[in-house]
Amino acid sequence: SGGPSTQMAMARGTVGMILREMPLNVIYFGTYSWLRGPSVQEQCVAGAAAGCLSGLLLYPLEALRVQWVVGTPLRWTTRGIGGFTVRATLQTAILFGGYEALLRATGTSDVHL
């Protein structure tokens, strides 16, 4: 069930993910909390801004993390940042807007992040 190289890749992946998630969540939720408004549309915009900012700031670190996990030489890069940031922007707009809409639909809209 997996030799030393598989175990090393899993360990690297776990450590890399933890190192990525800490600053990502600070940017992600901090931006959203700071920008969100009372309407679902404003919450979608705040979510989009959170995704865009986190994508732009953390993409080079994510690229380094992936290189480290797969064992290729580390090289700072922004290649691919456009698609990554567009995906993050759309994903978080839908995620946060949908979350807030779901809270309203279930009568729990007084719960905040």
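Q: What does the lining of the second largest pocket have, by class?
A: By class, that lining has 7 nonpolar, 1 polar and 2 charged residues. Ala, Val, Leu, Ile, Met, Phe, Trp, Tyr, Cys and Pro count as nonpolar, Asp, Glu, Lys and Arg as charged, and the others, Gly among them, as polar.

Q: What kind of model is this, anyway?
A: It's a predicted model, where local features need pLDDT of at least 70, side-chain atom pairs count only at pLDDT 80 or more, and totals for chains, interfaces and linings use all residues. Residues are numbered from 1 along each chain as its sequence is written, and side-chain values use heavy atoms, with hydrogens and water left out.

Q: Okay, back to that pocket. How much space lies in the second largest pocket?
A: About 170 Å³. A volume here is the space filled by probe spheres set on grid points, which are joined across faces, edges and corners. A pocket is an open set of points on a 1 Å grid over the protein atoms alone, where a 1.4 Å probe fits, with protein on both sides within 12 Å along at least five of seven lines; lining residues have an atom within 4 Å of a point.

Q: And which residues line the second largest pocket?
A: G16, L19, R20, P23, L58, L61, L64, R65, W68 and L74. The elements giving two or more residues to that lining are α1 and α2, and the largest share, 5 residues, comes from α2. Those names are for helices, which are DSSP runs (H or I, at least four residues) numbered from the N terminus.

Q: How about the largest pocket, how much space lies there?
A: About 220 Å³. It has 15 lining residues, and the closest to its centre are L24, S54, F84, R87 and A88.

Q: Which helices each supply at least two residues of the lining of the largest pocket?
A: α1 (4–35), α2 (40–70) and α3 (81–105) each do that. α2 gives the most, with 6 residues. By class, the largest pocket is lined by 6 nonpolar, 5 polar and 4 charged residues.

Q: α2 keeps coming up. Where does α2 bend?
A: At L58, by about 55°, and the proline P60 follows within four residues. The bend at a residue is the angle between axes fitted to the seven residues ending there and the seven starting there. L58 also belongs to the lining of the second largest pocket.

Q: New topic: how many disulfides?
A: The count comes to 0 disulfides, where a disulfide is a pair of cysteine sulfur atoms within 2.5 Å.

Q: What does the side chain of T85 reach?
A: The backbone oxygen of I81, at 2.8 Å. T85 lies in helix α3 as well, and T85 is buried, at 7% relative accessible area.

Q: Last one: how many Å apart in space are A9 and V70?
A: They are 6.7 Å apart, C-alpha to C-alpha, and 61 residues apart in sequence. A9 is found in helix α1 and is partly exposed, with a relative accessible area of 29%.

Technical notes
Buried < 20%, exposed > 50% of the residue type's maximum accessible area, 1.4 Å probe, protein only. Polar contact = N/O pair within 3.5 Å; in protein donor to acceptor, adjacent residues only side chain to side chain.
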